[in-house]
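Here are some notes to read alongside the model.

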Amino acid sequence: MRTEIAIVLAGGEPAVWQRLMGDHVSDASGRCIACRVHGVGGPRWPCSLRAVAEAAHELVRSDRQMPADR
Ligand SMILES: [Zn+2]
């Protein structure tokens with residue numbers, strides 16, 4: 001499931017996963033700032049959205065490293 005989302009993100013606008021990676025960062029107590037809701041502690045960082053964004057980043061990077069076959 002997570003991998004499928006990452007593939008979709010990797011195939012779309014880079015700004016989407018770049019934004020996720022920029023927003024979903026750890027706070028001082030190791031919890032995700034973007035997933036925190038109204039002062040309630042977020043999930044432990046990296047949250048699932050961050051993990052998906054990183055997986056998409058990884059896919060895009062490995063695509064770029066593949067030799068062009070044209
Ligand atoms: Zn998050």
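**Notes on the core and a cis peptide bond**

1. The largest nonpolar core consists of eight residues, namely A6, L9, A10, W17, L20, V52, A53 and A56; a nonpolar core here is a set of buried Ala, Val, Leu, Ile, Met, Phe, Trp, Tyr and Cys residues joined through C-beta atoms within 7 Å. Two or more of its residues come from each of α1 (2–11), α2 (14–23) and α3 (48–65), where helices are DSSP runs (H or I, at least four residues) numbered from the N terminus.

2. This is a predicted model, in which local features need pLDDT of at least 70 and side-chain atom pairs count only at pLDDT 80 or more, while totals for chains, interfaces and linings use all residues. Residues are numbered from 1 along each chain as its sequence is written.

3. A56, in helix α3, is buried because 25 other C-beta atoms lie within 10 Å (buried means 20 or more, exposed 12 or fewer, partly exposed in between, with C-beta atoms placed from the backbone). Apart from neighbours within four places in sequence, A56 is in contact (C-beta atoms, placed from the backbone, within 7 Å) with A6, L9, A10 and W17. A56 and G11, although 45 residues apart in sequence, are 8.4 Å apart from C-alpha to C-alpha.

4. A6 belongs to helix α1 and is buried, since 21 other C-beta atoms lie within 10 Å. Not counting residues up to four places away in sequence, A6 touches V52, A55, A56 and L59. A6 and G39 are 33 residues apart in sequence and, C-alpha to C-alpha, 29 Å apart in space.

5. Please also look at the peptide bond between W45 and P46, which is cis, with omega about 0 degrees; P46 is placed in the loop between α2 and α3.

Terms used:
Two residues are in contact if their C-beta atoms, placed from the backbone, lie within 7 Å.
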